[in-house]
Amino acid sequence: MRERIAYSLGRDADEQALRDTLKQQPNNVDAAIPLARVLLARKSPDEALEVLDNVLLAAPGDLRTLNAKGVVLDQKGRHQEAQGLYRKALEREPSNAMLRNNLKLSLALESKTETEDPQPQTDNALARARWRGEQ
């Protein structure tokens, strides 16, 4: 029980540190993406999108942030919006394998959602794998 409490307190402290970093450096992608992960794991995708949108205001066109926002949008079942972000990022870096892979995964998720399940199922493992692969 103590371990769970300590882990939870540590995670909250990490989240606050990331938020503090973003207040001081609004374009800090290295703080925004981990914070978005925490928020997504906490089932707060709208808040994760807000964090990423704020970074995009400060650093428009950042490929890692566009990718992360695409992942969150895919998690929310908003595949066409996610695909638009992946395509926008690919215009700047057409050879980026991570972005091309995420676009393909998004297209597959959209197809599965349309044909099999009206309520999109999300796969947090997919999002973590995508974000781990970022450069």
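Setting aside neighbours within four places in sequence, Ala-48 touches Ala-36, Leu-39, Leu-40 and Val-72. This is a predicted model. The chain has seven helices and zero strands. Buried residues account for 40% of its 135 residues.

**Ala-48**

- Ala-48 sits in helix H3.
- Is Ala-48 buried or exposed? Its relative accessibility is 0%, and the cut-off for buried is under 20%, so Ala-48 counts as buried.
- Contacts of Ala-48 beyond four places in sequence include Leu-39 and Val-72.
- Pro-34 lies 14 residues from Ala-48 along the chain. The C-alpha atoms of Ala-48 and Pro-34 are 9.8 Å apart.

**Largest pocket**

- The volume of the largest pocket is about 240 Å³.
- Two elements give two or more residues to its lining: helix H1 (2-24) and helix H3 (45-58).
- Which element gives the most to the lining of the largest pocket? H3 does, with five residues.
- The lining consists of Arg-19, Leu-22, Lys-23, Pro-26, Leu-35, Glu-47, Glu-50, Val-51, Asn-54 and Val-55.
- By type, the lining residues of the largest pocket divide into five nonpolar, one polar and four charged.

**Ser-106**

- Ser-106 belongs to helix H6, which spans residues 97-116.
- Ser-106 has a relative accessible area of 0%. Buried means under 20%, so Ser-106 is buried.
- What lies 3.5 Å from a polar atom of the Ser-106 side chain? The backbone oxygen of His-79 does.

**Whole chain**

- From the N terminus on, the elements run α-α-α-α-α-α-α.
- Take the contacts between residues at least 6 apart in sequence. Of these, 55% join residues at least 24 apart.
- The accessible surface of the chain is about 8,200 Å². Carbon and sulfur atoms hold 49% of that surface.

**Recap**

- Ala-48 contacts residues including Ala-36 and Leu-40, while the side chain of Ser-106 has a polar atom 3.5 Å from the backbone oxygen of His-79.
- The lining of the largest pocket includes Glu-47, Glu-50 and Val-51.

Technical notes: Residues numbered from 1 in each chain as written. Predicted model: local features only at pLDDT ≥ 70, side-chain atom pairs only at ≥ 80, totals over all residues. Heavy atoms only, no water. Helix = DSSP H or I, 4+ residues; strand = E, 2+ residues; numbered from the N terminus. Buried < 20%, exposed > 50% of the residue type's maximum accessible area, 1.4 Å probe, protein only. Polar contact = N/O pair within 3.5 Å; in protein donor to acceptor, adjacent residues only side chain to side chain. 1 Å grid on protein atoms, 1.4 Å probe; cavity = no way out; pocket = protein on both sides within 12 Å on 5 of 7 lines; lining within 4 Å. Points joined across faces, edges and corners; volume = space filled by probe spheres on them. Nonpolar A, V, L, I, M, F, W, Y, C, P; charged D, E, K, R; others polar. Contact = heavy atoms within 4.5 Å. Areas by Shrake-Rupley, 256 points an atom, 1.4 Å probe, with all protein chains shown as cover.
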